[in-house]
Amino acid sequence: MRPGRILLAVCAVAGWVAAQADLDYLVVTPSHLVPAFDTFVVWRTRCGMRTTAVAVESVLVHAQGRDFPEKLRNFIRSYHESLGTRWVLLGGGSELVPVRMAYTPGNLTDYSPCDLYYSDLDGTWDADGDGIFGEESDSVDFHADVFVGRAPVVSAAQVQSLTDKWRRFEQEPAPDYLARLLEAGDTANLGPPPGWFVAKLMPPVGRYDFRDSLEAGFQLVWHVGHATRTQLVLGTQTILDTFDARSLQNRDRLAVLNSTGSEVAAFDGNCIGSCLVDNPDGGCAAVLGNSRAGWVACRELYAWFYVSLFGADTLHALGENHARTKDRFVPLARTNRYWRQSLYVWTLLGDPGLRLWTDTARLLEVNHSAVLDTGLQDFVITFRSGGAPCLGLVCLWKGNEVYERRWLDGGGSIPIHPRTPGEMLVTVTAPNHPAYLGYCGFATALTDSPPTQPGRAFSTILRGVLRLEVGSRQHTAYRTELLDISGRSVMTLRAGLNDVSHLAPGVYFVRSEPSAVSRKPSALTKVVIAR
Ligand SMILES: [Ca+2]
Ligand SMILES: [Ca+2]
């Protein structure tokens with residue numbers, strides 16, 4: 001069996017996408033932020049995770065439960081059980097999306113914010129029924145059933161800038177910073193593959209050594225040291241405070257920080273982790289940090305994140321790797337309160353579906369038809385990386401007519417049945433490649449009756465002149481182009497008469513693209529230019 005085939009089988013059972021799921025990814029956020037998550041919902045859906053955003057207010061009104069956190073957890077569980085949901089983003093801090101305080105005696109406070117409660121959906125987390133959650137007597141399972149992250153946002157502007165950061169991290173990273181790991185405060189071998197640059201920063205250090213390293217760019221940053229809500233410390237030196245976190249400018253060199261320090265991710269209030277994630281111009285794409293005290297004795301937990309990431313034989317979505325890292329330490333957590341508390345408080349501030357990099361970025365070379373007729377058919381696609389077939393997730397999406405995901409090894413064919421003209425998004429995601437973002441247009445066959453809707457070509461057989469009927473209301477909403485058979489634009493069309501006498505006879509397509517703010521799909525109509 002070829003290695004690609006084995007990987008294919010691994011991916012089929014791995015959590016990156018559930019092949020038969022009705023809804024892969026759930027965003028829960030206050031109603032006033034739901035529209036701001038539109039771009040994120042479309043992005044994740046396009047990349048193969050069918051995603052939706054739900055207003056937390058409606059969850060808290062309609063779901064069953066003794067308090068808000070239990071209602072939210074029961075709601076997540078109902079999605080997981082009935083729709084196969086595997087990914088959850090809590091879109092807001094504790095003041096916007098409820099937080100469960102788990103019992104952590106002596107861990108700075110006796111109760112700690114605990115998003116693992118929304119990830120491990122077994123039991124009630126209060127088996128003994130005393131209203132205190134996460135005690136040893138509460139039979140907590142610890143193992144993740146859904147992968148959970150929290151976006152520490154309060155405003156629509158923050159949602160939009162964070163969505164853009166995640167897209168930049170996946171699509172437009174600076175080419176020279178991905179295979180770089182910074183170890184601040186530890187010299188362990190975390191197992192990066194050959195070719196990685198590993199920098200070690202050990203005390204004594206200067207006040208700005210760490211900040212300057214983040215500006216220079218390291219995709220992965222491990223901090224082993226003390227911290228508070230407002231600063232990271234190495235030895236006795238503050239190496240980053242909230243002012244630094246907000247002023248970083250590493251725009252296309254966003255880091256994923258993992259810190260053993262205390263309260264770096266204390267999301268029930270301001271914390272340095274939130275400052276790093278919410279900085280629109282730089283900082284971090286995501287932060288793994290503790291919501292309360294981090295125990296030095298449990299250092300191996302944080303280190304295992306890298307061993308798991310670099311040793312993985314499949315894809316590397318952040319939330320999945322975070323959860324799989326915790327899985328290893330569950331036997332310890334069942335009997336030891338330090339390990340239990342570490343699993344409770346080690347929190348992901350970020351998108352659990354974010355694809356990490358384990359190598360420098362490579363480009364996908366993808367081939368498929370740019371224009372086809374509507375109707376039942378096989379969509380054929382091939383893709384290569386450096387000239388060789390590679391494993392990739394193909395996602396085909398056309399409104400409510402087509403949504404197909406398929407893991408393929410270098411290509412294949414996917415049955416689809418587009419019924420109406422318009423554009424289908426064609427996306428291929430593969431480890432250590434920016435996603436390929438293409439499209440295929442579908443045109444009505446010539447035997448169809450001439451379209452009468454505004455914005456369409458008036459006649460399908462043309463001699464010298466193409467007349468475009470545009471309704472006055474739609475006129476401003478559309479940009480209309482004439483494409484040749486290969487999908488290349490040959491001219492922009494205006495309402496009314498267009499001179500096409502200079503074009504070679506043959507088949508063309510009129511493509512009417514909605515305005516940037518419209519969510520309508522593009523329309524595509526086949527025309528024939530005759531002599
Ligand atoms: Ca209890
Ligand atoms: Ca579980």
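A residue is called buried here if 20 or more other C-beta atoms lie within 10 Å of its own, exposed if 12 or fewer do, and partly exposed in between, with C-beta atoms placed from the backbone. A nonpolar core is then a set of buried Ala, Val, Leu, Ile, Met, Phe, Trp, Tyr and Cys residues joined through C-beta atoms within 7 Å. The model is a predicted one, in which local features need pLDDT of at least 70 and side-chain atom pairs count only at pLDDT 80 or more, while totals for chains, interfaces and linings use all residues. Residues are numbered from 1 along each chain as its sequence is written, and chains are lettered from A and ligands numbered from 1 in the order in which they are written.

The protein chain holds 13 helices and 30 strands; helices (H or I, at least four residues) and strands (E, at least two) are DSSP runs, numbered from the N terminus. Of its 531 residues, 47% count as buried. Two residues are taken to be in contact if their C-beta atoms, placed from the backbone, lie within 7 Å. Among contacts between residues at least 6 apart in sequence, 71% join residues at least 24 apart.

The largest nonpolar core has 141 residues, and Val88, Cys284, Ala286 and Val287 have the most contacts inside it. Leaving aside neighbours within four places in sequence, Cys284 touches Leu254, Ala255, Val256, Leu257, Leu276 and Val277. Val88 belongs to strand β3, where Val88 and Leu90 point one way and Trp87, Leu89 and Gly91 the other, all of them buried. Two strands pair if DSSP finds at least two bridges between them. Strand β1 (residues 25-29) runs parallel to β3 and is joined to it by 4 bridges, with Val28 standing opposite Leu90. Strand β6 (residues 147-151) also pairs with β3 in the parallel sense, over 5 bridges, and here Trp87 has Phe147 as its bridge partner.

Helix α5 (residues 156-171) packs its buried residues against β3 and β6, as well as α2 (38-46), α8 (272-278) and β13 (284-290). Those buried residues are Gln158, Val159, Leu162, Thr163, Lys165, Trp166, Phe169 and Glu170. Seen down the axis of α5, they fall within an arc of 155°, so they line one face of the helix; the arc is that of the directions from the helix axis to the C-beta atoms. The face turned away from this buried side carries the exposed residues Ala157 and Gln171.

Elsewhere, an open sheet of 5 strands has the order β16-β23-β22-β19-β20, with mixed pairing. Its edge strands, each pairing on one side only, are β16 (371-373) and β20 (402-409). Strands β19 (residues 391-398) and β20 pair in the antiparallel sense over 8 bridges, and Leu396 finds its bridge partner in Glu404.

A cis peptide bond, with omega about 0°, joins Pro203 and Pro204, the latter found in the loop between β8 (197-201) and α6 (209-216). Leu108 has a phi near 65°, a positive value in a residue other than glycine, and is found in the loop between β4 (101-107) and β5 (109-113). Trp125, in the loop between β5 and β6, likewise has a positive phi near 65°. With 24 C-beta neighbours inside 10 Å, Trp125 counts as buried, whereas Leu108, with 17, counts as partly exposed.
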